[in-house]
Protein chains: 2
Amino acid sequence: MTTKKDLKSIFYPKSVAMVGASNTFGKWGNITYTNLIAGGYKGKIYPINPKDEYVAKIKSYPSLKDVPEPIDLVVIATPANTVADIFKEMKEIGCKGAVVISSGFSEVNEEGKKLEDELIKLAEDGGFAFVGPNTMGISNTHNDMYITAVHARLKKGGVSLIAQSGNLGNQLISWAAAEGIAVGIFCGSGNEAHISCEDYLDFLVEDENTNTILFYMEGVKDGRKFLEKAAESATKKPIIILKGGKTELGGRAAKSHTGAMAGNAAMYKAMCAQTGLVWASTSPELLNLSAAFSNIPLPKGNRVGITTLGGGWGVVTSDACSDYGLEIPPLPKSIVDVIDKVLPPYWNRNNPVDLVGTTDTTAHLTALEEMAKWKDVDAVITLGVLGRSKLIQDMVTSGLKTMDESYHDFLNMVMPQITEYEEYYRKFIIELMTKYEKPIIAVSLTEISGKTVFGDCKAKYKGVHYQNPEQAVMVLAKMYQYYKFLQDKKR
Amino acid sequence: MTTKKDLKSIFYPKSVAMVGASNTFGKWGNITYTNLIAGGYKGKIYPINPKDEYVAKIKSYPSLKDVPEPIDLVVIATPANTVADIFKEMKEIGCKGAVVISSGFSEVNEEGKKLEDELIKLAEDGGFAFVGPNTMGISNTHNDMYITAVHARLKKGGVSLIAQSGNLGNQLISWAAAEGIAVGIFCGSGNEAHISCEDYLDFLVEDENTNTILFYMEGVKDGRKFLEKAAESATKKPIIILKGGKTELGGRAAKSHTGAMAGNAAMYKAMCAQTGLVWASTSPELLNLSAAFSNIPLPKGNRVGITTLGGGWGVVTSDACSDYGLEIPPLPKSIVDVIDKVLPPYWNRNNPVDLVGTTDTTAHLTALEEMAKWKDVDAVITLGVLGRSKLIQDMVTSGLKTMDESYHDFLNMVMPQITEYEEYYRKFIIELMTKYEKPIIAVSLTEISGKTVFGDCKAKYKGVHYQNPEQAVMVLAKMYQYYKFLQDKKR
């Protein structure tokens, strides 16, 4: 059991067989199987179904042994009592890994526990590893491989998520897709009979497509072992944890859900701080943290420069900085002098820089660059410039509805310009992050669906954009904490 | 100055004159004026512009005095040094109120402060009240009247918002519109030279269209007076406050923004608790609280019943309940027996009720009603049933892409059924809230843009739906706190 499990064959298989592949909509063997095909998986797909000649238009085989070519990954969605025999077949033909979607194991009763124990023995004997049982599937966008209940399509990205709750995991994936956060590898770990959180950690730390590791975790079997691994791994890649069951009530619910033991929030948080793990307090935090950790540089200190289209936001953001222990240094005369040239005389001359609602783009850009290159700040938050296009679009719509036709040509020119400018501002943010190696986070209260992460796949950094300043501040604070942890480790 | 100011003429005018109405896109006199027309205002509109014969196709007048009919509200968007003369004209012809958008007053320098002081005298002398100066406008959907920079269209609803930051206020409005939260009355209070927060409070407490009052507040001139009024008003309608400048850093930024003095978060929170004011910790909280307070009944205790499509969410929600001091009573045998009939034998038999991902709608509905009528709970959270349609839509799309044509008729039937069922579930939630007088909050992690509030305008309650369980729990906790305040007051 001490040999390293082969997870690469599970997440990067060249061929997938689906035992229980079905033409019946709603069955697990249909949901996950059609997802695999529709998601554009490039490897070979073999449906195993003794009744139907074709499943979703692909020729099917009565059993694994009938497949004439090698099978890397076997996905199983047949009843619990059939899985042992499938595992035996897998050994015979040399399959390299399994995802057991089937439920009815240790999560239901003692008999199920026995079946599960048998599977462990058979897998060890067969020389392969398996996810689950009772998992809601896995996906890997780097491989265009979607074997999950949720059919959301994700961009390729460095975030990998292991969830000890299939449902929550699938919903998080759907949410990430809607927000434009690229989760590359996902795995609902199910009962973790064979592959445990420690194994996933081992694999993801080595996986070259992963730069940020997320866990939704209710409990681990061997706490000490996991902590040791986590402490070691956190120096290589940030590990962000949403702990379910961190309180008494949550612990009770977790016990009834995955059988994990109740915990204590303070203890878990302390444990995270010691081992450099990043603690997500809530489910939105988990995804927002992942977007930043995987795409922008870490702040090397706790000092923040802020530009804001309107004063009120600067105030709310400053409050959040206070709450999270970030500092907002006063603006030096040298920068005041530069910004004086681009803003009206009554601007506030301090940090946060209130852009007093100006539409002069030179002012936005000058203020942002001054903040980014300012040696006394470690991170920048820019409020309100991105997202303006939605507000202006609404104004133009009113203009076209009410104004004389002679003005329409002009009005029709406005939106392309604004859209182009926002695109430029996005690129400028990324450019500045690369030039000054400081994180810059954009915030707008307008809707930003699908645009939390922006930028070119090939660039060193992408941009991140949140809907409220509090999340931007929370993210910077936790990134700085992680940066400090890394520095301490180096000493 | 002790006479009550006439705010009704400002928020419910029969006619509006816009001094500085302009055909030039981007000018304040164009942005707010086209918004008024495009928004469908039913009263009379008089542009005042000495140069153009028509402004946005409406005949304009050289001055207020030239308008042949009575004017209730005058909106002013001309330079600061012109406003005094306009006020004098207003007195002459008997206008009833003004919104001074013009800036360049106390927010810029001493000279501006003098101009502002003069306006106060002129208004008192003229017998009318004015909003601002330096406001980004007002709106009242009950009157289809939009005089703001933001051109979002809001549903008619009981939430009224006063913001001591025009920019933040306008962004909050845009956000509320995108989320489907109905803000009826909005006012950016600007410099509050004449109408102060206390006055708005007086007005909104009496306004029959307002059932929930929101403030984004940086500072009030007379703290004691405001507190007295707030304490009195909070017994009539919930008052939710987002305080800008509650920390040292925020206070510094607020001083530079509106001149408000720095505060201390703990002191403000304590003040809110004493006076029954509801404290919003962050900008998202402000809007989420408003959706619930204005649409669903208050919980009469801190005990929560939870139904969840998957176990993990139940755990996360339970953790949040612990954090916010809510209780999750164990499920009594009587309810276990009822739910036993509709769920597979391995369900968890406890609260949260894990619906083990069942697609059997009878199970969802039975569990929800059992929770709602259970005498030992005061509020219900239902996780995952609403929002499923997005997930199923994606599955159907994959099905149509991959499956043989013979299955397409069936697949095409799925979505209408699911959509209809979700609609039914929404109605059922509202029905149960009305029947049992308990709040029920829906949560799904999938995207819910524009659907935070759902239901029929005429019903007693509407439904609310958040994207994460933590917000649902926060809202219930603060509603219960307010309920307790009301009970204490009655004693």
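Q: How many residue pairs are in polar contact between chain B and chain A?

A: In this predicted model, 27 residue pairs are in polar contact between chain B and chain A, both residues being at pLDDT 80 or more. The count of salt bridges between the two chains is 0.

Q: Which helix gives the most to the side of chain B that touches chain A?

A: Several helices of chain B each supply at least two residues of that side, among them H2 (28-38), H5 (166-179), H8 (248-257) and H16 (469-490). H11(B) gives the most, with 11 residues. By class, the side of chain B that touches chain A has 40 nonpolar, 32 polar and 17 charged residues.

Q: What area is buried between chain B and chain A, and what do carbon and sulfur atoms give of it?

A: The buried area is about 6800 Å², and carbon and sulfur atoms give 62% of it. In terms of residues, 89 of chain B are in contact with 88 of chain A.

Q: How are two copies of a chain related?

A: In general, a rotation about an axis, together with a shift along that axis, relates two copies of a chain. The same surface serves both copies, as 99% of the contact residues of chain B recur in chain A.

Q: Which backbone values are found in most residues and peptide bonds?

A: A negative phi is found in most residues other than glycine, and most peptide bonds are trans. Two cis bonds may be discussed here. One joins A:Asn351 and A:Pro352, with omega about 0°; A:Pro352 lies in the loop between helix H12 (333-340) and strand E16 (353-354) of chain A. Another runs from B:Gly132 to B:Pro133, with omega near 0°; B:Pro133 belongs to the loop between strand E7 (129-131) and strand E8 (137-140) of chain B.

Q: Where is A:Asp144 found, and is A:Asp144 buried or exposed?

A: A:Asp144, although not a glycine, has a positive phi of about 50°. A:Asp144 is found in the loop between strand E8 (137-140) and strand E9 (145-148) of chain A. The relative accessible area of A:Asp144 is 19%, so this residue is buried, the cut-off being under 20%.

A: A:Glu192 is likewise not a glycine and has a positive phi of about 50°. The loop that holds A:Glu192 runs between strand E11 (183-188) and helix H6 (197-206) of chain A. A:Glu192 counts as buried because its relative accessibility is 6%.

Q: What is B:Ser189 in contact with, leaving aside its neighbours within four places in sequence?

A: B:Ser189 is in contact with B:Gly132, B:Ile162, B:Ala163, B:Gln164 and B:Tyr200. B:Ser189 is placed in the loop between strand E11 (183-188) and H6 of chain B, and is buried, with a relative accessible area of 0%. The side chains of B:Ser189 and B:Glu192 are joined by a polar contact of 2.7 Å.

Q: Why is helix H6 of chain B largely enclosed by the rest of the structure?

A: Of the 10 residues of H6 (residues 197-206) of chain B, 8 are buried, so the helix is largely enclosed. The buried residues include B:Tyr200, B:Leu201 and B:Phe203, as well as B:Glu198 and B:Asp199.

How values were computed. Residues are numbered from 1 along each chain as its sequence is written. Chains are lettered from A and ligands numbered from 1 in the order in which they are written. This is a predicted model: local features need pLDDT of at least 70, side-chain atom pairs count only at pLDDT 80 or more; totals for chains, interfaces and linings use all residues. Side-chain values use heavy atoms; hydrogens and water are left out. Contact means heavy atoms within 4.5 Å. Buried area is the accessible area (1.4 Å probe) that two parts lose on being put together, summed over both. A salt bridge is a side-chain nitrogen of Lys or Arg within 4 Å of a carboxyl oxygen of Asp or Glu. A polar contact is a pair of N or O atoms within 3.5 Å; within protein, one must be able to donate a hydrogen and the other to accept it, and residues adjacent in sequence count only if both atoms are side-chain atoms. Helices (H or I, at least four residues) and strands (E, at least two) are DSSP runs, numbered from the N terminus. Ala, Val, Leu, Ile, Met, Phe, Trp, Tyr, Cys and Pro count as nonpolar, Asp, Glu, Lys and Arg as charged, and the others, Gly among them, as polar. Buried means under 20% relative accessible area, exposed over 50%, partly exposed in between (1.4 Å probe, protein chains only).
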